[in-house]
Amino acid sequence: MTPPPARGALRVLGIDPGLTRCGVGVVDVAPDRSARLVHVGVVRSDPGAPIEERLAVIAAGLRAVIDEHGPAVVAVERVFAQHNRHTVMGTAQASGIALLVAGERGLPAATHTPSEVKAAVTGYGSADKLQVQTMVARVLRLDALPQPADAADALALALCHAWRGGAASAPSGPLTPAQRAWADAERLSRR
């Protein structure tokens, strides 16, 4: 098991959900917002395998990362819109698995939209992948850009969550249109 974070630091597991490639990144973030890389990787599932086997592989991979690195909280990319229905279904299923595994381990979990993550890490909600990777590398003092993009996105999610207060709570301040739509959808699903 990885040594615990320094005193006062928050260890966050960021998850960029995907059915074929599920990015995972663990960072320790100090109260002064400085961060240290703990782990980065990708959990892969065979695209030719049945869906239940693929989801089981992702769950097992996420459990292994949690057991090895002991995060205090899990941050997952919020799935809210994509053009390809098949892709969004797989992403949503992987997201559900990530939240389930967090719940199994008794960890608080939060979701963040891609624009929230980009804004937190780069200061610009429409930043491209290279800008996000560059800032993640700079913040974590890495010699190279984190690869693949799924892993870099997971690290960005973890940083975003820690910098936004680290709690698994609702966003503070006025909601963006995407956040309002998501909140409405969640409210309707509980009926």
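User: What should I know about the model before reading values from it?
Analyst: It is a predicted model, in which local features need pLDDT of at least 70, side-chain atom pairs count only at pLDDT 80 or more, and totals for chains, interfaces and linings use all residues. Residues are numbered from 1 along each chain as its sequence is written, and side-chain values use heavy atoms, with hydrogens and water left out.

User: How many helices and strands are there?
Analyst: The protein has six helices and five strands. Helices (H or I, at least four residues) and strands (E, at least two) are DSSP runs, numbered from the N terminus. Along the sequence the pattern reads β-β-β-α-β-α-β-α-α-α-α.

User: In what order do the strands sit in the sheet?
Analyst: The five strands form an open sheet in the order 3-2-1-4-5, and the pairing is mixed. Two strands pair if DSSP finds at least two bridges between them. Strand 3 and strand 5 (109–112) are the edge strands, each pairing on one side only. From one strand to the next, the twist averages 20°.

User: Strand 2 and strand 3: parallel or antiparallel?
Analyst: Strand 2 (residues 21–29) and strand 3 (residues 35–44) run antiparallel and are joined by nine bridges. One of the pairs is Arg21 with its bridge partner Arg44 in strand 3. The two strands form a hairpin with five residues between them.

User: And strand 1 with strand 4, parallel or antiparallel?
Analyst: Strand 1 (residues 10–16) and strand 4 (residues 73–77) run parallel, with four bridges between them. Gly14 has Ala75 as its bridge partner in strand 4.

User: Which helix lies across the strands?
Analyst: Helix 5 (residues 149–163) lies across strand 1, strand 2, strand 3, strand 4 and strand 5, and runs at about 40° to strand 2. Such angles run from 0 to 180 degrees between N-to-C directions, and axes are lines fitted to C-alpha atoms, for helices over the stretch in contact.

User: Now the helix pairs. At what angle do helix 3 and helix 4 cross?
Analyst: The axes of helix 3 (residues 114–122) and helix 4 (residues 129–139) cross at roughly 45° and come within 9 Å. That makes helix 3 oblique to helix 4; angles under 35 degrees count as roughly parallel, over 145 as roughly antiparallel, 65 to 115 as roughly perpendicular and the rest as oblique. Helix 3 passes helix 4 in a left-handed crossing, a term that applies if the near helix is turned anticlockwise from the far one by less than a right angle, with clockwise giving right-handed.

User: Which residues make that contact?
Analyst: Helix 3 contributes Lys118, Val121 and Thr122, while helix 4 contributes Gln131, Val132, Met135 and Val136. Contact means heavy atoms within 4.5 Å. By class, the contact of helix 3 with helix 4 has four nonpolar, two polar and one charged residues. Here Ala, Val, Leu, Ile, Met, Phe, Trp, Tyr, Cys and Pro count as nonpolar, Asp, Glu, Lys and Arg as charged, and the others, Gly among them, as polar.

User: How about helix 4 with helix 5: at what angle do their axes cross?
Analyst: The axes of helix 4 and helix 5 cross at roughly 65° and come within 9 Å, and helix 4 passes helix 5 in a left-handed crossing. On helix 4 the contact residues are Lys129, Val132, Gln133, Val136 and Val139. On helix 5 they are Ala149, Ala152, Asp153, Leu155, Ala156, Leu159 and Trp163. By class this contact has nine nonpolar, one polar and two charged residues.

User: Turning to the backbone, which peptide bond is cis?
Analyst: The bond from Gln147 to Pro148 is cis, with omega near -10°. Pro148 lies in the loop between helix 4 and helix 5.

User: What is phi at Arg141, and is the residue buried or exposed?
Analyst: Phi of Arg141 is near 55°, a positive value in a residue other than glycine. Arg141 is found in the loop between helix 4 and helix 5 and is exposed, with a relative accessible area of 58%. Buried means under 20% relative accessible area, exposed over 50%, and partly exposed in between (1.4 Å probe, protein chains only).

User: And what about Arg33?
Analyst: Arg33 is in the loop between strand 2 and strand 3, and its phi is near 75°. At 44% relative accessibility, Arg33 counts as partly exposed.

User: Finally, what share of the residues is buried?
Analyst: Of the 191 residues of the protein, 43% count as buried.
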